[in-house]
Amino acid sequence: MKCIDHYFDWAATAPADKDIHEEALRFSLENWANPSSIHGAGTEARNALESCRKRCADVLGVQSKQLCFSSGGTESDHIPLLSVLTRPQKGSIVLSAIEHPALREMAKMLANCGWKVIAVSPGKDGRVRAEDICAKVQDDTVFVSVMAVNNETGAIQPIYEIADALVSLAQGKRRPFFHVDCVQAAGKIPLQLNYRGIDSASLSAHKLGGARGIGLLYLARETVPFLRGGGQEGGMRSGTENLFGACSMALCLEKYYLAAGRAAQTERYETQRKATAAFIKQLQSIHGCTLIPHCRNDEATEGNFSPWVVQAAFPGIPGQVLERALSADGYYISTGSACSAGHHARPVLDSMNIPPKEKESAVRFSFGWGTSPQAMDDLAEELRKVTGAFGF
C-alpha cells in the first residue's frame, strides 16, 4: 500500500477514509435488500436509503426531495445537461470553456445533434466573468453551466454572481437552467447550494475519501430526465440504489462539508490556506518556476483560488517527465485532470491563452485532509532537487 504522506493528486481521487468505508460497509451489510421491494426487508432498506438522503440534506441545507443519488460526478453533470434533449425544439447551451470533460465533451455530442454550444473563455486569472456569461445568453438559451472550482488551476468561479446575473437578465421571463459542478468544491471551500438561481449541482464522494461510484445531484428546479428506466430516485436516475454508496456520501458530507457554522471544517480550511500560501512562496523561490495563472503570485488574489489545488510550470521540463521523475522518488502529482490523462490537449490552459512552453510543462499539485504542512515542505525540496538535476 502506498503511503499518502507524499501523495499530491487528491483532485484526481482521495485515498480511502478508513472510518467512512468501514461504517458504510457495515450499513450496507445490515441493509442488503432492494429498496424498491415492498416486503419488510425492502422497506427497511428503503428507510435506510432515505435516512442517508436526509443526512445529506441536513448538512447541505436543502430539502431531501431535492437530492438524487447517482453513480458519481459525471452522471450528476449529465442528468441536467441531457434533459435539454426532452425539449421539442433545439436551442443554445452556454458553458465555461474550463468545464470538466464530463460537461465539455457531452456538450460536443449535443452540438452534433444540432444544439448550438457557446463556450465562454475565462480571463487570464482562470475565472469566468458573470457579464461574459450573460453576454452569450441568447433568447433560445436553455442551459448554462459554470463549475465552482476548476480542477486544474483551482480557480474559484463567481457562481453566486453568475446566478444573480442570470436572474436579473431574465427580468421575470423563464431564465436558462443554471448548473454548477461542485465536485472540486464540496468539502473543500465554503458552499451555499440553496443560493437563489442555482438550479442544480453535482457532488462526488471519492474526492473526499468516500466510495467511488457514488455521487449526488442537487435539483432545486424541476427538470425532465432524458434517460428512463425503473423510476428510482424520483424518476431522475433509474437503477437499483447503492446503499453502501449512499451511506458513504452522507458520512463524507458530515465529516468534511464546509459551510457556515461548521467550525471544525472551517478550521481545517484555514490551516490548509496557510500551508498552501507557504508552499506557493517556496515554489516562487525555485528557479524557472511559473505559477498558473500568473496572478497567483499576488497574495491579493489568494481568495480567488482553492487552497487545495496549485498549478505551476517548469518550462524546459515536460510535465509528464517531471511527473515520472517525482514518482520515481515516491512523490505523486499529475499534469491535470485524471479524466484527460493520456491526451496531450489542454483545453483549460488553451482557453486561458497560456504560452505553449508553459502549457507543455504545467503540472498540478493537489492536497487533502491527509496532507501535512511537512509533506508540502518535502515536496518543495524534492522539486528543487529534481528540477536542479535538469539544469534549473
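Aspartate 181 stands opposite serine 202 in β6. The model is predicted: local features need pLDDT of at least 70, side-chain atom pairs count only at pLDDT 80 or more, and totals for chains, interfaces and linings use all residues. Residues are numbered from 1 along each chain as its sequence is written, and side-chain values use heavy atoms, with hydrogens and water left out. Helices (H or I, at least four residues) and strands (E, at least two) are DSSP runs numbered from the N terminus.

**Sheet**
- Strands β5 (residues 177–181) and β6 (residues 200–204) pair in the parallel sense over 3 bridges; pairing requires at least two DSSP bridges between two strands.
- An open sheet of 7 strands has the order β1-β7-β6-β5-β4-β2-β3, with mixed pairing.
- β1 (67–70) and β3 (116–120) stand at the edges with a single partner strand each, so one side of each lacks a neighbour in the sheet.

**Helices on the sheet**
- Helix α2 (residues 40–60) packs on the sheet and touches β1, β6 and β7 (215–219), where contact means heavy atoms within 4.5 Å.
- The direction of α2 makes about 120° with that of β1; angles run from 0 to 180 degrees between N-to-C directions, and axes are lines fitted to C-alpha atoms, for helices over the stretch in contact.
- Helix α3 (residues 73–82) lies across β1, β2 (92–96), β4 (141–145), β5, β6 and β7, and runs at about 165° to β6.

**Helix pair α9 and α12**
- Helix α9 (residues 319–328) packs with helix α12 (residues 373–389) at an angle of about 120°, their axes 11 Å apart.
- In this pair, Leu322, Ala325 and Leu326 of α9 meet Glu382, Leu383 and Val386 of α12.
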